[in-house]
Every structure is written in structure tokens, then in C-alpha cells.
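Please examine the chain displayed below before reading on.

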Amino acid sequence: QIADNVLEMDPSNVKVLFKRAQVHNIKKDYELAIKDLEKAQELDPNEKNVKAELQKSRASLESYKKKEKNIYSNLFSKELGY
């Protein structure tokens, strides 16, 4: 919430966008993390930490989606007797 307040006053604060994205990643809110990191990267394209965290977030989102897909496909195939 503090990050939200800071960004309300200064929406171009790359450090706060980065920190908020890290919190989103911890909470597995990968899409929100990616959104913050893309904005941070747009504001400071040379920031290496932002680039690295963005790659990590995208990989985590992809992995999460694959796991979720497998869970649901297994669930439905068991329900349907496959």
C-alpha cells in the first residue's frame, strides 16, 4: 500500500515500481508484476535489475500457466473417465 501511495504521487518512480513488482511476484501475481516491470523498463530501459526481474516474472507466469493447465486437464480427464 505504501508503494501505491508513492506511485500516486510519483508514477515514474522506477525503484518503487520494481519493489512493488517483487511483492507481486512473491504473491504469485505475475501479471501485475509484469505490468509494473514493463512500465519501469519503459521509464529506464537500461536498468539491468528490471530486465532480469521481468524475465523471471515472465518465466514464472509461463510455468504457472503450464502447471494450471496440467492440473485442470488431469482433473477433467479423471472426471470423464479418461
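Two residues are counted as being in contact when heavy atoms lie within 4.5 Å. Among contacts in this chain between residues at least 6 apart in sequence, 39% join residues at least 24 apart. The model is a predicted one.

The secondary structure consists of four helices and zero strands, giving the pattern α-α-α-α along the sequence. The C-alpha atoms occupy a box of roughly 55 × 25 × 15 Å along the principal axes. The radius of gyration is 17 Å, whereas a compact globule of 82 residues would have one near 12 Å. Of the 82 residues, 23% are buried. The chain exposes about 6,400 Å², of which carbon and sulfur atoms supply 52%.

Charge is the next topic. The chain carries 16 positive and 14 negative side chains, and the centres of the two sets are 6 Å apart. Side chains of opposite charge can pair when their charged atoms come close. The structure holds four salt bridges.

One of them joins Arg20 to Asp4, with the closest N and O atoms 2.5 Å apart. This pair links helix 2 (residues 14-26), which holds Arg20, to helix 1 (residues 2-9), which holds Asp4. Arg20 also forms a salt bridge with Asp36, at 2.7 Å between the closest N and O atoms; Asp36 belongs to helix 3 (residues 30-43). Asp4 is partly exposed, at 38% relative accessible area, while Asp36 is buried, at 5%.

Another salt bridge, between Glu38 and Arg58, has its closest N and O atoms 2.8 Å apart. Glu38 lies in helix 3 and Arg58 in helix 4 (residues 48-79), 20 residues apart. Through shared partners, salt bridges join Asp4, Arg20 and Asp36 into one network.

Definitions and conventions: Residues are numbered from 1 along each chain as its sequence is written. This is a predicted model: local features need pLDDT of at least 70, side-chain atom pairs count only at pLDDT 80 or more; totals for chains, interfaces and linings use all residues. Side-chain values use heavy atoms; hydrogens and water are left out. Helices (H or I, at least four residues) and strands (E, at least two) are DSSP runs, numbered from the N terminus. The radius of gyration is taken over C-alpha atoms; the globule rule is 2.2 Å times the number of residues to the power 0.38. Buried means under 20% relative accessible area, exposed over 50%, partly exposed in between (1.4 Å probe, protein chains only). Accessible areas come from the Shrake-Rupley method with a 1.4 Å probe; for residues, only the protein chains shown count as cover. Lys and Arg count as positive and Asp and Glu as negative; His and the chain ends are not counted. The place of a charge is taken as NZ of Lys, CZ of Arg, CG of Asp or CD of Glu. A salt bridge is a side-chain nitrogen of Lys or Arg within 4 Å of a carboxyl oxygen of Asp or Glu.
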